[in-house]
Amino acid sequence: MTACPVEARLRELGHSLPDSAPSRAMFLPGKLSGNLLFLSGQICEWEGVPRYFGPADDSLDLAEAQAAARMCALNLLFSIRAVVGSLGRVREIVRVGGFVSARPGFEAGPMVVNGASQLFIDLWGTAGQHARTAVCVASLPANALVEIDAVVEIA
């Protein structure tokens with residue numbers, strides 16, 4: 001069996017996928033419609049344990065917040081592999097939605113979500129570039145700092 005180049009690249013970048021990404025409610029991790037995989041939102045938790053908490057304010061450490069967004073992206077990658085069998089089936093990342101728990105007036109939400117966007121670009125190059133929404137919200141499940149969802153084209 002040939003190793004998946006995307007997973008090899010992930011390891012080169014110093015990352016790994018969680019062993020699980022359990023759902024907190026009644027929804028699927030992703031749903032295929034034609035060649036598009038619609039991924040449910042993933043919060044910044046590792047194997048079901050939340051790691052980064054909101055709300056963000058002006059004292060936020062941006063690098064740490066981007067790590068939270070990257071953790072969400074790693075959970076999304078786990079979901080892709082769980083639904084379609086291999087990250088090698090991803091043609092491109094089409095769209096990313098990012099939600100940052102923040103106090104009123106916090107303006108760095110898009111910079112936080114860059115943590116997830118950068119990982120997709122690092123893994124797939126131009127095919128990792130995507131349309132995106134990044135918004136700040138009053139709260140997220142488990143008091144998480146970040147939640148990310150995505151739409152992915154599958155080969």
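Student: In which sense do strand 1 and strand 2 pair?
Tutor: This is a predicted model, where local features need pLDDT of at least 70, side-chain atom pairs count only at pLDDT 80 or more, and totals for chains, interfaces and linings use all residues. Residues are numbered from 1 along each chain as its sequence is written, and side-chain values use heavy atoms, with hydrogens and water left out. Strands (E, at least two residues) and helices (H or I, at least four) are DSSP runs numbered from the N terminus, and two strands pair if DSSP finds at least two bridges between them. Strand 1 (residues 30-33) and strand 2 (residues 36-43) share 4 bridges, and their sense is antiparallel.

Student: Which residue of strand 2 stands opposite Gly 30?
Tutor: Look along strand 2, which covers residues 36-43. Opposite Gly 30 stands Leu 39.

Student: Which residue takes a positive phi in the hairpin of strand 1 and strand 2?
Tutor: This hairpin has 2 residues between its strands. The phi is near 65 degrees, and the residue that takes it is Gly 34.

Student: Which strand runs antiparallel to strand 5?
Tutor: Strand 5 covers residues 90-101. Its parallel pairing, over 7 bridges, is with strand 6 (residues 131-137), where Ser 101 stands opposite Val 137. The antiparallel pairing has 9 bridges, with Val 96 and Ala 150 as bridge partners. The antiparallel partner is strand 7 (residues 146-154).

Student: Is Val 90 buried or exposed?
Tutor: Val 90 is found in strand 5. Buried means under 20% relative accessible area, exposed over 50%, and partly exposed in between (1.4 Å probe, protein chains only). Val 90 has 7% relative accessibility, so it counts as buried.

Student: How many disulfides does a search of the whole structure find?
Tutor: A disulfide is a pair of cysteine sulfur atoms within 2.5 Å. The search of the whole structure gives 0.

Student: Which cysteine has the sulfur nearest to that of Cys 72?
Tutor: Cys 72 is in no disulfide. Cys 72 is also buried, at 0% relative accessible area. The nearest cysteine sulfur is 4.8 Å away and belongs to Cys 44.

Student: How far from Cys 136 is the nearest cysteine sulfur?
Tutor: Cys 136 counts as partly exposed, at 35% relative accessibility. This residue is in no disulfide. The nearest cysteine sulfur is that of Cys 44, at 13 Å.

Student: Why is the pair of Phe 120 and Trp 124 called tilted?
Tutor: Rings of Phe, Tyr and Trp (its six-membered ring) pair if their centres lie within 6.5 Å; planes under 30 degrees apart count as stacked, over 60 as edge-to-face and the rest as tilted. Both residues are buried, and they sit 4 residues apart in helix 3 (residues 109-124), about one helical turn. Their ring centres are 6.5 Å apart, and the pair is tilted because the angle between the planes is 40 degrees.

Student: What is the volume of the largest pocket?
Tutor: On a 1 Å grid over the protein atoms alone, a pocket is an open set of points where a 1.4 Å probe fits, with protein on both sides within 12 Å along at least five of seven lines; lining residues have an atom within 4 Å of a point. The lining has 17 residues, and among the closest to the centre are Ser 23 and Arg 24. Grid points are joined across faces, edges and corners, and a volume is the space filled by probe spheres set on the points. For the largest pocket this is about 220 Å³.
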